[in-house]
Amino acid sequence: MIELLLQTGLNALFAAAYLSLVAVGLVLIFGVMGVINFAHGELFMLGAYVVVALYTNLQMPFFLVVAIGLIFVGLVGIVMEMTMFHPLRDNPLGGLVASIGFLMVIQALIILGFGVRMEHVPPVTQDVIVISEKVRLPVQRLFVILSALVCLSALWLFLKRTKFGWALRASAQDPEAAMLQGISTRTVSIIALFIGAALAGVAGSVAAPVISISPVIGHSVIVSAFIVIIVGGIGSLEGAVLASATYAFIHTVITTFVDGVIADIVGLSLMLMVLIIKPTGMFGTQDRV
Amino acid sequence: MSKPQPLILLSFLLLAVVLIVLPHGLSYSQREILVFLTINILVVSSYRLLTLTGEWSLGHIVMMGVGAYGSALYTKELGVPVPISMILGALTAGIIAWGLSFPLFRMKGFYFLIGSFAAGEIIRLLWKRFRDPFGGPKGIKRIDPFPDIDFGFVRIDFFDPVNYYYFALIIVILCLVILWRIEKSMIGLTFHAVHWQDKLAESTGVNVRAYRTLALVISATFAGLAGTLLAHYIGTVNPNVFDIEQMVFVLTWAIVGGTTTIYGPIIGCIILTALNEIVLREIGLEQGRPLVYGLILIASVLFMPKGLEDVVKKVIELMKQHVFRGRIKDV
């Protein structure tokens, strides 16, 4: 029983790792641009397909491909900022609809390029860390957990210790005051989109060998990410990480012991409950980012 | 002022003729699309009623599903005859919406959007999870069709899409008239007040919460009715028919069409459906359809932020000016 619980905990840790990368990116974009990026799940999917194209098909080294995935998806984020979110900055509903349009475009392009079938990415390593008889952690999953730790710590350092990070947080809190201080909010929003998208991309890339990849995986990712950012308090990065861990654990436990649909229902109910009781989220404050 | 009225009458007559003749010029599959389009016009128009109060929901399509599942279950499990079950199904959607209004109207704006998504998705997952009575992922099959009407000399078979189209069209037009009357009544004016001046409305004694609830319940009831129209036509419902992807379509019809006029969402629905189902299919872009659809969506919010209705308004304005100028010349 304890072993099963431990194993479930490890599985949850893995799910929390990539979910928190996606959710933190979503929060960052919302904080700076005030727009909900519906296509964020598709950025995760795009990251996974970079791995399919370059690692599975072209046999390039895995970690190089992950880095390419990070940069490529980050650039896609910049494209989104320039073509949609910046022109629509005074129209949040318009930004939402445009991101839905973008989601359809990316999905269709991937389907045209790779087909609708599931892709299988061979794992880089078959090694498994055996903790005990029934508690095992495949090293491939450990990669996902480690890269989430690295990316999130890097982001934290960037936001708290660098000038750009200060500027970013300032314009998330009060764009006008930030502009008065001579901060270019435009540069900030481009950087935020790059980072936000790149985090989703790197999550998709590094998780590609352990999840089943299809052009529609973005859907379940974005639903989980929505739950997480609401429960964590929209605008709170720390909250998003904590909520990712909480949600992933609850979801994995219920999936293991009951079934997947019930786990989804519980997750959504949790979100609804948070919205009813404390709309700023469990860990949220008034500040954004 | 009395002069242009025959013109309006004439255009209504023309519209009526087009609506009656339309299905006869189409292929069988296009006729089926026409039936769905007619039903969807009711969905998006009822959705607009809620947006009048300033709230955007992502659970509307599930309310349509509640009507569809409700009507299907009333006929199958309780043996209620079909036309009555449809009314009951629509009312069920209204009642469920009333129940949901208690948690949901603690939220506003973006939180309401997400909250309504969560509530709707929970209902949808319950259909998926519980095989009894909802049929699980495969849903409910072999739902009783709308009964044939036998006049003795003529028999109307509702399995034929053309006949069902006429039937749905009559229902939908009736509903549109009712929705229009509601909007023009004191209730509708109050919806506008609730949207634009909720604090002021509240201070003049308007129960803002009650009006929000009323808008939600009315819009859900009509969506439910649309659902029953769908269920008794296709004869099967399953959870995927009412998922977020379908909701996204409703949302985009409303936004691309514009929601300040009653015809905006209808135009949006017709043009986007015709584009997606007919034009893109005709030019053979089967897999590329979402690509073009997505690009058009982005372009329309970028370059037409006020929606298609704004274009229509401008055209009407131009025509009016033209007619006016012509008359001055005559004098």
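The structure holds zero disulfides over all chains, a disulfide being a pair of cysteine sulfur atoms within 2.5 Å. B:C175, for instance, is in no disulfide, and the nearest cysteine sulfur, that of B:C269, is 15 Å away. B:C175 is buried, with a relative accessible area of 5%, and A:C151 is buried too, at 14%; buried means under 20% relative accessible area, exposed over 50% and partly exposed in between, with a 1.4 Å probe and protein chains only.

This is a predicted model, in which local features need pLDDT of at least 70 and side-chain atom pairs count only at pLDDT 80 or more, while totals for chains, interfaces and linings use all residues. Residues are numbered from 1 along each chain as its sequence is written, chains are lettered from A and ligands numbered from 1 in the order in which they are written, and side-chain values use heavy atoms, with hydrogens and water left out.

Not counting residues up to four places away in sequence, B:F242 touches residues including B:I61, B:W127 and B:L230, where contact means heavy atoms within 4.5 Å.

In helix α8 (residues 185–207) of chain A, 18 of the 23 residues are buried, so this helix is largely enclosed by the rest of the structure.

Note on methods
Helices (H or I, at least four residues) and strands (E, at least two) are DSSP runs, numbered from the N terminus.
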